[in-house]
Structure formats: structure tokens, C-alpha cells
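Subject: Structure for your files

Hello,

Here is the structure I said I would pass on. My notes follow below it.

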Amino acid sequence: MTQSISFDRAAGYYDATRGFPPGLEAQAAQLFVEAGGLSAQTRALEIGVGTGRIALPVSPYVGSYYGVDISSAMMAVLRSRQDGRAIRLLEGDALRLPFADASFDAVIAVHVLHLVADASAVLRELARVLRPGGLFLHGWNHHTGSPVGRVWEAAVEAQIDRNAHYIRLVTESGWRPHGGERAFTYPLRRTPREFLEGMRAKIWSSCWNLTDQQYEVGVRTTEAFVDARYDDLDAVIEMTGGFSVQAYLPPA
Ligand SMILES: C[S@@+](CC[C@H](N)C(=O)[O-])C[C@H]1O[C@@H](n2cnc3c(N)ncnc32)[C@H](O)[C@@H]1O
């Protein structure tokens, strides 16, 4: 990728489409607290902080929480929800973090590495700003059981297992897992109609870099699949959602 992908265009709908189901933010925060041994002494940085889906529930557990994003529109949503919580926000690029070496005890990234122009360079920046013994906390959502999503991804040749790709990149870059992956799962229900509407409105970043032709093929193939498979566009597809966090020490 030559340029990082800003979420400016998604700021207005991001929380409605990517947020945790009610109540699960607290569980997600616990994964970071446990994986990173976060405490009131911790100085934490989140790259690609967005609307604060992670920062808002995690920041109360640390001494200071910094968030960096290239999208001022996403951070404006976070500011509007901040209600007194001290999250220090900076517009900036994870490729060139505006912090001195060894500034943080923990750095956090959730669904950012696939959007940046050079994920390996970002990982080097994270190592630079971590103090010795500091941890990188990598988080990601996952879900299983979405036949419609699989048809769309195959039709547009999206990287089918993006999470696995970036987890591999982190370890291939020399980061050393610290403890095991921590995760929780939850029931997730979607309808074919919701999926089709999301695809037509291009709410996912996987839609943004497609040519018009690739996008049209994706839409036609997915619509044909839904037409053949579901009599009722509001039929509930039972899926399993999940969220995982893995801590890493920087390359030796
Ligand atoms: C999918 S959102 C994730 C937001 C948040 N981490 C979460 O999990 O809800 C990715 C965010 O990364 C930001 N981003 C993309 N490239 C970036 C870069 N090079 N430096 C900093 N932020 C970046 C986007 O603008 C967007 O707000």
C-alpha cells in the first residue's frame, strides 16, 4: 500500500457498525489490563485510536493514555464521548510517531496494521517508543459463520484471513509473544439485508480500494448468492463474534 487509509469517511457510522455489543467494552478492557499488566503507573499509547472503542474503556486503568490517528474526524467523535476521561489525542501518523524513544510502557493497536502504508515500519516505530520491558498489545475482532461475508470476500479477492496475516507479520518481525492469546466470544446475529446494505453503502474499508469493476463484480456475486440461498432477507444468520488480545515484547 502506498498510502495509509484514513477513516475520515467512516467517522459518522463507525461506532454503529463496528462497536462491541452493549456491555462487552468492559470485557475487552480486562483483556488489555491482564495481557499488559496495566496499572495506574502505566503510560500507554494507542495508534489508530479512532473513535475510542478501545481507548474509552481501557484508559481508566492506566496513568496516562495517548491516542494518535491520521483521521481528525474519527478523533472528533472520540472527543465528543470523552466526558472527562483524560485521553490525550494527537493527529499524526503511526509511521512517524511524535514521541521520544522509550516513552511508553505499553503500545496498543487494534485493526490498524492492515490500513497503514507500511506495517513493518510501524512495528519498528512501536519498538522505538516502547521502554525496555514494555509491551505491544495487539487486539483484533473475529467472527465465524458468515456465508454472505465469505462470498463477498472471495468475489473481491479480499485477503480472506487478514487477522492471521498480521499476527504472522508481528512474529515474523521478531516480536516475542508474552503470555498467551486472551479472548472472549459472544453470539452475533446478522441478516442478509444488513449485509447487502453495508456492502451497497461501502461501509467496510475492504470496499474502498476496489476498482469500480471489482466492486460491481462483488455486489453482483453477493446479491446472486443471497437471492439463491435466502427466501427471507431478514432471516437471522447465527454467528460467533470474538475479540482477542496478544501481548508481545519487542524484537531482542
Ligand atoms: C478500523 S479503525 C480502528 C479504530 C480503533 N482502533 C478500533 O479498534 O475501534 C482504524 C483507524 O486507524 C487510523 N489509521 C489508518 N492509518 C493510520 C496511520 N498511518 N497512523 C495513524 N492512524 C491510522 C484510521 O484513520 C482509523 O481511525
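Thr 222 has a relative accessible area of 0%, so this residue counts as buried. The model is a predicted one, and all that follows should be read as a description of that model. Thr 222 sits in helix H9, which runs over residues 212–229. The side chain of Thr 222 comes within 2.6 Å of the backbone oxygen of Gly 218. Apart from neighbours up to four places away in sequence, Thr 222 is in contact with Val 148, Val 151, Trp 152, Phe 195, Leu 196 and Met 199.

Helix H6 comes next. H6 spans residues 147–155, and its buried residues include Val 148, Val 151 and Trp 152, along with Pro 147, Gly 149 and Ala 155. Among the elements that cover these buried residues are H9, helix H8 (192–200) and strand E8 (237–249). After H6 comes Glu 157, with a positive phi near 55°.

Ala 102 is not a glycine, yet has a positive phi of about 55°. Ala 102 belongs to the loop that links strand E3 (87–91) to strand E4 (104–110). With a relative accessibility of 40%, Ala 102 falls in the partly exposed class, because that class lies between the limits of 20% and 50%. His 111 is likewise not a glycine and has a positive phi of about 55°. The loop that holds His 111 lies between E4 and helix H5 (119–129). His 111 has a relative accessible area of 23% and is partly exposed.

How many cavities of 30 Å³ or more does the structure hold? There is 1. The space in the largest cavity comes to about 90 Å³. The lining consists of His 111, Val 112, Leu 113, His 114, His 138, Gly 139, Trp 140, Arg 162, Asn 163, Tyr 166 and Ile 167. H7 has the largest share, with 4 residues. By class, the lining is made up of 5 nonpolar residues, 5 polar residues and 1 charged residue.

On the ligand: 23 residues surround the ligand, and the closest are Tyr 14, Gly 48, Arg 53, Asp 69 and Asp 93.

- Gly 48: a polar backbone atom lies 2.8 Å from a nitrogen atom of the ligand.
- Val 110: the distance from a polar backbone atom to a nitrogen atom of the ligand is 3.0 Å.
- Ile 70: a backbone N or O atom is 3.4 Å from a nitrogen atom of the ligand.

Glu 46 belongs to strand E1, residues 43–47. Is Glu 46 buried or exposed? Its relative accessibility is 2%, so Glu 46 counts as buried, the limit being under 20%. The side chain of Glu 46 makes a polar contact of 2.7 Å with the side chain of Tyr 65. A polar atom of the Glu 46 side chain also lies 3.4 Å from the backbone nitrogen of Ala 55. If residues up to four places away in sequence are left out, Glu 46 touches Ile 54, Ala 55, Tyr 65, Tyr 66, Gly 67, Val 68 and Ile 108. Glu 46 and Ser 173 are 127 residues apart along the chain, and their C-alpha atoms are separated by 19 Å.

Ser 71 lies in the loop between strand E2 (64–69) and helix H4 (72–81). The relative accessible area of Ser 71 is 0%, so Ser 71 is buried. Its side chain forms a polar contact of 2.5 Å with the side chain of Asp 8. Beyond neighbours within four places in sequence, Ser 71 is in contact with Ser 6, Phe 7 and Asp 8.

Regards

Notes. Residues are numbered from 1 along each chain as its sequence is written. This is a predicted model: local features need pLDDT of at least 70, side-chain atom pairs count only at pLDDT 80 or more; totals for chains, interfaces and linings use all residues. Side-chain values use heavy atoms; hydrogens and water are left out. On a 1 Å grid over the protein atoms alone, a cavity is a set of points where a 1.4 Å probe fits but cannot get out, and a pocket is an open set with protein on both sides within 12 Å along at least five of seven lines; lining residues have an atom within 4 Å of a point. Grid points are joined across faces, edges and corners, and a volume is the space filled by probe spheres set on the points. Helices (H or I, at least four residues) and strands (E, at least two) are DSSP runs, numbered from the N terminus. Ala, Val, Leu, Ile, Met, Phe, Trp, Tyr, Cys and Pro count as nonpolar, Asp, Glu, Lys and Arg as charged, and the others, Gly among them, as polar. Buried means under 20% relative accessible area, exposed over 50%, partly exposed in between (1.4 Å probe, protein chains only). Contact means heavy atoms within 4.5 Å. A polar contact is a pair of N or O atoms within 3.5 Å; within protein, one must be able to donate a hydrogen and the other to accept it, and residues adjacent in sequence count only if both atoms are side-chain atoms. A residue is near a molecule or strand if one of its heavy atoms lies within 4 Å of it.
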